[in-house]
Amino acid sequence: MKDLHCPSCGTPFVRVTHRSGMLEQWLTRFNLFPFRCQLCTNQFRAFYPTAKNATQSFDRRQYRRLPTSFPAVCAVDEPRTSAVVTDISMGGCTLKTEAPFARGTFLHLNLQPPDEDMPIRVETAVVCSVRSSSMGIKFLEYHPPDKPRLSHYILSLLISQTSAPKA
């Protein structure tokens, strides 16, 4: 979104989110749309006349998934399972693994993005979708010092995507 910044952290990486409820439907008539910061996860409403064209009814995610590839370890209890993160956002990721967990399974994740010495720990996550060799994960609870580290990694992905030349 051009010229729109998160009121909490000031980043321009915000996304129009899915409107839910009668109040939000009513407010959009006056160009007041719900937005979600892609870094600090702040949700806010803002007047934005061109947002009607930016809403995507087919994509209900509040965070944009960004392609990436790095190792991860996931576990329900023991034993731990190795996986590869194929896309990520502040709200979740897709894990490529040989033996996906069942939908609705709660698990712990250790994400190891490039250039990070220590893994980023997601204390609680849930499996939202399962495919033959991958699963969609929603993050529910972060280890407190690791949320800003994940945000920093997401920022680097967003910057690299916006500065990449268009083909």
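Start by selecting Asp87, which sits in strand E5 (residues 81-88). Helices (H or I, at least four residues) and strands (E, at least two) are DSSP runs, numbered from the N terminus. The model is predicted: local features need pLDDT of at least 70 and side-chain atom pairs count only at pLDDT 80 or more, while totals for chains, interfaces and linings use all residues. Residues are numbered from 1 along each chain as its sequence is written, and side-chain values use heavy atoms, with hydrogens and water left out.

**Stop 1: Asp87 and its partners**

Show the side chains of Asp87 and Arg65: a polar contact of 3.1 Å joins them. A polar contact is a pair of N or O atoms within 3.5 Å; within protein, one must be able to donate a hydrogen and the other to accept it, and residues adjacent in sequence count only if both atoms are side-chain atoms. Leaving aside residues up to four places away in sequence, Asp87 touches Arg65, Leu66, Pro67, Thr68, Cys93 and Thr94. Contact here means heavy atoms within 4.5 Å.

**Stop 2: strand E6 and Gly92**

Now select E5 and E6 together. A hairpin of 3 residues joins E5 to E6, and the two pair in the antiparallel sense over 4 bridges. Two strands pair if DSSP finds at least two bridges between them. On E6, 4 of the 5 residues are buried. Buried means under 20% relative accessible area, exposed over 50%, and partly exposed in between, with a 1.4 Å probe and protein chains only.

Go to Gly92, in strand E6 (residues 92-96). Is Gly92 buried or exposed? Gly92 is buried, with a relative accessible area of 0%. Not counting residues up to four places away in sequence, Gly92 touches Arg65, Ile137, Lys138 and Phe139. Arg65 and Gly92 are 27 residues apart along the chain, and their C-alpha atoms are separated by 8.1 Å.

Lys138 in E9 stands opposite Gly92.

**Stop 3: the E1-E2-E3 sheet**

Move to the sheet that 3 strands form in the order E1-E2-E3; this sheet is open and its pairing is antiparallel. Strand E1 (14-16) and E3 stand at the edges, each with a single partner strand, so one side of each is left without a neighbour in the sheet. The twist averages 40° from one strand to the next. Axes are lines fitted to C-alpha atoms, for helices over the stretch in contact, and angles run from 0 to 180 degrees between N-to-C directions.

E1 and E2 run antiparallel and are joined by 3 bridges; the partner of Val16 in E2 is Phe35. Next, select strand E2 (residues 32-37) and E3, which pair in the antiparallel sense over 5 bridges. Phe33 stands opposite Ala46 in E3. E2 and E3 form a hairpin with 5 residues between them, and Thr41 in the turn has a positive phi of about 70°.

Colour strand E3 (residues 43-47) by face. Phe44 and Ala46 make up the covered face, and Gln43, Arg45 and Phe47 the uncovered one. In a regular strand the side chains alternate between the two faces of the sheet. Then show H1, which lies across E2 and E3 and runs at about 110° to E2.

**Stop 4: the cysteines**

Select the cysteines. How many disulfides are there? The count comes to 0, where a disulfide is a pair of cysteine sulfur atoms within 2.5 Å. Cys37 is in no disulfide; the nearest cysteine sulfur, in Cys40, is 3.6 Å away. Cys37 is buried, at a relative accessible area of 0%. The sulfur of Cys74 is 8.9 Å from the closest cysteine sulfur, in Cys93, which is too far for a bond. Cys74 also counts as buried, at 1% relative accessibility.

**Stop 5: the whole chain**

Zoom out. The protein has 2 helices and 9 strands, following the pattern β-α-β-β-β-β-β-β-β-β-α along the sequence. Of the 167 residues, 41% are buried. Among contacts with a separation of 6 or more, 51% are between residues 24 or more positions apart.

Finally, colour by pLDDT, the predictor's confidence in each residue, from 0 to 100. The average is 85, and 87% of the residues score at least 70. Confidence is lowest in helix H1 (residues 21-28), at a mean of 73, and highest in E6, at 96.
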